[in-house]
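Visitor: I would like to walk through this structure with you, starting with the ligand. Could you show me the model?

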Amino acid sequence: MHGYPFKDIIQVEVGDRKIPVRIAGRGEPLMLLHGYPLNSRLWDRVVPLLYTQFLCIAPDLRGFGCSAEEPKSFSMSNLADDCIKILDALQIRQSIALCGLSMGGYVAMEVAQRYPERLARLILTNTRANADDLAGMATRRSAAARALTEGVPKVVLPMLSKLLCQHTIANQLEVVELVRSMMLETRASTIAWAQLGMASRADFQYKMRDWTMPVVCIAGAEDPITPPEVLEQISGALPNAQFHSVENSSHLTPLECPQEFAKIIS
Ligand code: MLT
């Protein structure tokens, strides 16, 4: 059992590595996986609404946030293994609710495919199930190279106006600043390896038809990166899923509309 504040970082030892994890609350374990190029602070506005009901566990994925080490090459599947290692290290044996946003969703789908017995339910938010096409992979390779040669700001700052909707940018300056600071504090090497890891991710569009756990799919109504139709299609392909679209939100629904997001999860 862990009280609030969620800001405290625990370094969870997995083998010879340490993974920074934010933990708060009590109840059903809920693991929260952030997107790219962000970190566990993505959940800062939603955990205060969930921690009386859930044991919220939010790691900084390899190289992101408070990770001490420069990352080496990693795949979405390696990140899924890290999630299971964190649960084992925390001695969480019961099946959990797993929520992944965008890149975190790619990792959550790997967990659903390879460790379905660890999941009581799955929440896929602002993400997609298909793999990249050749053009998408080339764009990622170019972003990886540019992060290393031109620096992080040039690659990440143009993303801001897609990650957040106009309503958020005009009305929630603290959210804009939080997203900007998460992006700018991400290492160039993390940006590069994450892009290459996402470029080689698996396609789950067909595999997910066999997933029997309950799934909730959440979209931001104004998300140009993973529009509502994408999440609705995932929901339609799954045997046991619900779909929700949240108004006044783009790609970062838990930060832009934490009340609505928490209500759907609860
Ligand atoms: C994210 O928010 O994690 C990214 O948009 C994922 C991606 O680049 O596919």
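Predicted model: local features only at pLDDT ≥ 70, side-chain atom pairs only at ≥ 80, totals over all residues.

Visitor: How far is an oxygen atom of the ligand from a polar backbone atom of Met-103?

Guide: Residues are numbered from 1 along each chain as its sequence is written, and side-chain values use heavy atoms, with hydrogens and water left out. A polar contact here is a pair of N or O atoms within 3.5 Å. For the ligand oxygen and the Met-103 backbone, the distance is 2.9 Å.

Visitor: How much of the ligand's accessible area does the protein cover?

Guide: Areas come from the Shrake-Rupley method with a 1.4 Å probe. On its own, the ligand has 270 Å² of accessible area, and the protein covers 91%.

Visitor: Which residue has a polar side-chain atom 2.9 Å from an oxygen atom of the ligand?

Guide: The residues around the ligand (a heavy atom within 4 Å) include Gly-35, Tyr-36, Met-103, Arg-140 and His-251. Tyr-36 uses a polar backbone atom, 2.7 Å from a ligand oxygen. The side-chain atom at 2.9 Å belongs to Ser-102.

Visitor: How many residues of the shell around the ligand are nonpolar?

Guide: In this classing, Ala, Val, Leu, Ile, Met, Phe, Trp, Tyr, Cys and Pro count as nonpolar, Asp, Glu, Lys and Arg as charged, and the others, Gly among them, as polar. The shell has three polar residues and one charged residue, and the nonpolar ones number five.

Visitor: Which residue does a cis peptide bond join to Tyr-36?

Guide: Omega is about -5° at this bond.

Visitor: Why is the pair of Trp-43 and Phe-261 tilted?

Guide: Rings pair if their centres lie within 6.5 Å; planes under 30 degrees apart count as stacked, over 60 as edge-to-face and the rest as tilted. The centres of Trp-43 and Phe-261 are 6.3 Å apart, and the pair is tilted because the planes are at 45°.

Technical notes:
Polar contact = N/O pair within 3.5 Å; in protein donor to acceptor, adjacent residues only side chain to side chain. Phe/Tyr/Trp six-rings, centres within 6.5 Å; stacked < 30°, edge-to-face > 60°.
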